[in-house]
Amino acid sequence: MSGLDAPEILAAYDAVRSDKDATNWLLLSYASAVGDKLVLSGTGSGGLADLATKLDDAQAQYAYVRVEYANDSESKRVKFVLVIFIGERTKVMRKARVSIESGNVKRALSHHSISVDARDKSDVDEKDIVARLRKAGGADYNGGRG
């Protein structure tokens, strides 16, 4: 898969992971209707809600997101999420190739706690993703209240 080592993608990945940068998501899209080249199509600091507005129903896209949440009044956790988005209007052949190509993306954006397969913008709901992160993290100091 080409494009994943592009300097702008690597810089965006580092920015999302950095505690000192406000950037908390990056979005990768295919450069054209055919082929496997990915390009950085956006970054932002508005979290999952902001990211959801950038997802395209006619494309397969990959997002890397920094999610911060409180376990209780004393602690805050930072986790990273990989979103594999396949819009409902994505062409059939592209959908089929994502199952193969997503492995390369997972290796390139390797530091993530969970991977979310999304088919609709509502699949990147922050409340649902935080609940999944809590489950994946093991300790839940919120008494199971999500």
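Is Lys76 buried or exposed, and which side chain does Lys76 meet in a salt bridge?

Modeller: This is a predicted model, in which local features need pLDDT of at least 70 and side-chain atom pairs count only at pLDDT 80 or more, while totals for chains, interfaces and linings use all residues. Residues are numbered from 1 along each chain as its sequence is written, and side-chain values use heavy atoms, with hydrogens and water left out.

Lys76 is exposed, with a relative accessible area of 60%; buried means under 20%, exposed over 50%, and partly exposed in between (1.4 Å probe, protein chains only). Its partner in a salt bridge is Glu68, at 3.1 Å from N to O. The term stands for a side-chain nitrogen of Lys or Arg within 4 Å of a carboxyl oxygen of Asp or Glu. Glu68 is partly exposed, at 38%.

By this rule there are five salt bridges. One of them joins Asp19 and Arg66, with the closest N and O atoms 2.5 Å apart. Asp19 sits in the loop between H1 and E1 and Arg66 in strand E3 (residues 60-72), so this pair ties together parts 47 residues apart in sequence. Helices (H or I, at least four residues) and strands (E, at least two) are DSSP runs, numbered from the N terminus. Asp19 is exposed at 68%, whereas Arg66 is buried at 8%.

Arg97 and Glu101 also form a salt bridge, at 2.8 Å from N to O. These two residues are four apart in helix H3 (residues 92-108), about one helical turn. Arg97 is partly exposed at 40%, and Glu101 is buried at 3%. Through shared partners, salt bridges link Asp19, Arg66, Glu68 and Lys76 into one network.
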